[in-house]
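Let's take a friendly walk through this model together. Keep the sequence and the 3D view side by side as you read.

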Amino acid sequence: SRSAATVLSLRRLYLQICKVVQLLNQMYGLVILLDLASRFIVIITNVTTLTSVLKSSRSAQMFPAFSLPFMSTTAGLVISSGLIINIIAHCQLTTWKSKELSNKILRLSLKLPTKNSTERQLKLFSCQIIHNSFEFSVFGLFRLDASLFCRIFASAMTYTAVLAQLN
């Protein structure tokens, strides 16, 4: 039937999307790893600089909100954070859309009558999505999802706290 052929075309398209995601993970894994590492270093540097600016202004009894080091460091921190969020958000959104598609396919297959070629294609598509779900990662070391942002900032704050205690 025509709807079965449409679902079959969608299955082929989904398979191609999975292959593209694998290719992107392989091609850009190192670039993303280096970019995230440099952003992590910038965040640590900016947080450490902010801490020292706040300490020195407190001892001098000044309000640092409009000083040049404070403003430039805060801007650097915001820009680096924004770039990390941008990378992660696109990857997370794509993964969420894939899961949303899986749920829609499953609901659609439950509504159709049994012994139908379209239903068979939908069930195969549902299995394909379950077994070929994709996610963006950096060489398989870690996933590019919303929790990565929290882990990066938790690590940066922990490192900064350790540096502050050693001084």
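T95 is buried, with a relative accessible area of 10% (buried means under 20% relative accessible area, exposed over 50%, and partly exposed in between, using a 1.4 Å probe and protein chains only). You will find T95 in helix 2; helices here are DSSP runs of H or I with at least four residues, strands are runs of E with at least two, and both are numbered from the N terminus. Setting aside neighbours up to four places away in sequence, T95 is in contact with F134, E135 and F136, where contact means heavy atoms within 4.5 Å.

Have a look at the pair T95 and E135: they are 40 residues apart in sequence, yet their C-alpha atoms are 5.9 Å apart in space.

## About the model

This is a predicted model, in which local features need pLDDT of at least 70, side-chain atom pairs count only at pLDDT 80 or more, and totals for chains, interfaces and linings use all residues. Residues are numbered from 1 along each chain as its sequence is written, and side-chain values use heavy atoms, with hydrogens and water left out.

## The overall fold

The protein has four helices and zero strands, giving the pattern α-α-α-α along the sequence. Of its 167 residues, 31% count as buried. Among contacts between residues at least 6 apart in sequence, 76% join residues at least 24 apart.

The accessible surface comes to about 10,900 Å², and 68% of it belongs to carbon and sulfur atoms. These areas come from the Shrake-Rupley method with a 1.4 Å probe; for residues, only the protein chains shown count as cover.

## The nonpolar core

In soluble globular proteins, nonpolar side chains tend to be buried together. A nonpolar core is defined here as a set of buried Ala, Val, Leu, Ile, Met, Phe, Trp, Tyr and Cys residues joined through side-chain atoms within 4.5 Å. The largest such core has 27 residues, and I43 and L144 touch the most other members. The elements that give two or more residues to this core are helix 1, helix 2, helix 3 (117–131) and helix 4 (146–166). Helix 1 gives the most, with 10 residues.

L144 is worth a click in your viewer. Apart from neighbours within four places in sequence, L144 is in contact with I32, L36, I88, C91, Q92, F136, S137 and V138. I43 is touched by S81, which also touches F149 and F153, again not counting residues up to four places away in sequence. S81 lies in helix 2 and is buried, at 11% relative accessible area.

## Salt bridges

Side chains of opposite charge can pair when their charged atoms come close. The whole structure holds four salt bridges, each being a side-chain nitrogen of Lys or Arg within 4 Å of a carboxyl oxygen of Asp or Glu. One of them joins D35 and R39, with the closest N and O atoms 3.4 Å apart. Both residues lie in helix 1 (residues 2–59), four residues apart, or about one turn of the helix. Another joins K97 and E100, with a closest N to O distance of 3.9 Å. These two are three residues apart in helix 2 (residues 68–111), so about one helical turn separates them. K97 is partly exposed at 48% relative accessible area, and E100 is partly exposed at 34%.

R143 is partly exposed, at 41% relative accessibility, and E135 is partly exposed, at 41%. E135, R143 and D145 are linked in a network of salt bridges.

## Surface patch and cysteines

On the surface, V20, L23, L24, M27, Y28 and V31 form a nonpolar patch with about 530 Å² of accessible area together. Patches are made of residues with over 30% relative accessible area and no salt bridge, joining like charges within 9 Å and nonpolar side chains (Val, Leu, Ile, Met, Phe, Trp, Tyr) within 5 Å. V20 sits in helix 1 and is partly exposed at 46% relative accessibility.

How many disulfides are there? The count comes to zero, with a disulfide taken as a pair of cysteine sulfur atoms within 2.5 Å. C91 is buried, at 8% relative accessible area, whereas C150 is exposed, at 53%.
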